[in-house]
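Subject: Structure for your review

Dear colleague,

Please find below the structure that I am handing over to you. My findings follow it.

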Amino acid sequence: MTIFLAGHETTSNALTWTFYLLSQNPTADDRLYVELSSVLGDRIPTVEDIPKLEYTEKVFRESMRLYPPAWTIGRKCVKDYKVGKYTIPAGSIILMSQYVMHHDSRYFSDPDLFYPDRWTKEAMLRLPRFSYFPFGGGIRGCVGESFAWMEGVLLLATISREWRLHHDVSHKVGLKPLITLRPKYGMRMRLERRK
Ligand code: HEM
């Protein structure tokens, strides 16, 4: 049941925000299309294409930085626990927010900017652990993480090679942070066929 529930709304929110961000950043959308055209030509992507879809993956990664589908996670402390100079008493609820960490300028310059190119291999190695954690971590981290990267990149590539999505400017965009980070008013988009 958890696999079913945790697996679909997260991915659909991630893709919704990704298409919204692309509609607001036409240069990134153009770059994405250049990559898709050169790697795929006229065919739909397969798993074998994923390593070549580098910019596509960066777009998905950057989108989950700005709009992490799981925007906060919680744990209950079962016994007194020391973190640095603090002692967290047993019974406390601790919240750790992806949204807060992902917008922290100590780790991401211009944190509110959608900038997929920030995700170089070097930058990823430099990032402290848990400054970027859309899939949580540790013993209860997301079991679907590899699957989510695969389906996210493949869906983004499959849709974007054929369609450009334009956000309807008259439609308000807001955050609805429930268990996942939903768009408060939905996301109204117009599809334009490429070419
Ligand atoms: C972009 C997509 C996804 C995101 C951002 C995401 C995020 C997360 C996060 C943050 C957690 C940890 C929650 C916590 O620590 O309290 C989690 C757990 C989980 N996820 Fe995902 N997830 C995604 C896709 C998937 C998919 C595709 C599946 C299954 C096919 C899945 C199955 C699960 C399950 C079963 C757990 C619970 C693991 C446990 O408690 O041991 N998720 N996910």
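How close do the axes of helix α3 and α6 come, and at roughly what angle do they cross? Please bear in mind that this is a predicted model. The axes of α3 (residues 54-66) and α6 come within 9 Å, and the crossing angle is roughly 115°. An angle from 65 to 115 degrees counts as roughly perpendicular, so α3 is described as roughly perpendicular to α6. The crossing of these two helices is right-handed. On the α3 side, the residues in contact are T56, E57, V59, F60, R61 and M64, and they meet A148, W149, G152, V153, L156 and A157 of α6. By class, this contact consists of 8 nonpolar, 2 polar and 2 charged residues.

Helix α6 also meets two further helices, which I describe in turn.

Helix α2 (residues 26-40) has an axis that comes within 10 Å of the axis of α6, with a crossing angle of roughly 90°. That angle makes α2 roughly perpendicular to α6. From α2, the residues L32, Y33, L36 and L40 take part, and from α6 the partners are L156, A157 and S160. The contact of α2 with α6 divides into 6 nonpolar residues, 1 polar residue and no charged ones.

Helix α1 (residues 2-24) packs against α6 at an angle of about 45°, and the two axes are 11 Å apart. The angle makes α1 oblique to α6. Their crossing is right-handed. Here G7, T11, L15, T18, F19 and L22 of α1 meet E151, G152, L155, L156, I159 and S160 of α6. The contact of α1 with α6 has 6 nonpolar, 5 polar and 1 charged residues.

G144 lies in the loop between α5 (121-126) and α6 (145-160). Its relative accessible area is 25%, so G144 is partly exposed. Although G144 and A6 are 138 residues apart along the chain, their C-alpha atoms are separated by 8.5 Å.

G74 belongs to strand β1 (residues 73-76). This glycine is partly exposed because its relative accessibility is 34%. G74 and I94 are 20 residues apart in sequence, while their C-alpha atoms are 5.4 Å apart in space. Leaving aside residues up to four places away in sequence, G74 touches I94, L95 and M96.

T87 is part of strand β3 (residues 86-88). With a relative accessibility of 47%, T87 counts as partly exposed. T87 and R65 are 22 residues apart in sequence, and the distance between their C-alpha atoms is 30 Å. With residues up to four places away in sequence again left out, T87 touches D80, Y81 and K82.

Finally, I turn to the cysteines. A disulfide is a covalent bond between the sulfur atoms of two cysteines. With a cut-off of 2.5 Å between the sulfur atoms, the count comes to 0 disulfides. Is C77 buried or exposed? C77 counts as buried because its relative accessibility is 8%, and buried means under 20%. C142, at 39% relative accessibility, counts as partly exposed.

Yours sincerely,

A colleague

Note on methods. Residues are numbered from 1 along each chain as its sequence is written. This is a predicted model: local features need pLDDT of at least 70, side-chain atom pairs count only at pLDDT 80 or more; totals for chains, interfaces and linings use all residues. Side-chain values use heavy atoms; hydrogens and water are left out. Helices (H or I, at least four residues) and strands (E, at least two) are DSSP runs, numbered from the N terminus. Buried means under 20% relative accessible area, exposed over 50%, partly exposed in between (1.4 Å probe, protein chains only). Axes are lines fitted to C-alpha atoms, for helices over the stretch in contact, and angles run from 0 to 180 degrees between N-to-C directions. Angles under 35 degrees count as roughly parallel, over 145 as roughly antiparallel, 65 to 115 as roughly perpendicular and the rest as oblique. A crossing is left-handed if the near helix is turned anticlockwise from the far one by less than a right angle, and right-handed if clockwise. Contact means heavy atoms within 4.5 Å. Ala, Val, Leu, Ile, Met, Phe, Trp, Tyr, Cys and Pro count as nonpolar, Asp, Glu, Lys and Arg as charged, and the others, Gly among them, as polar.
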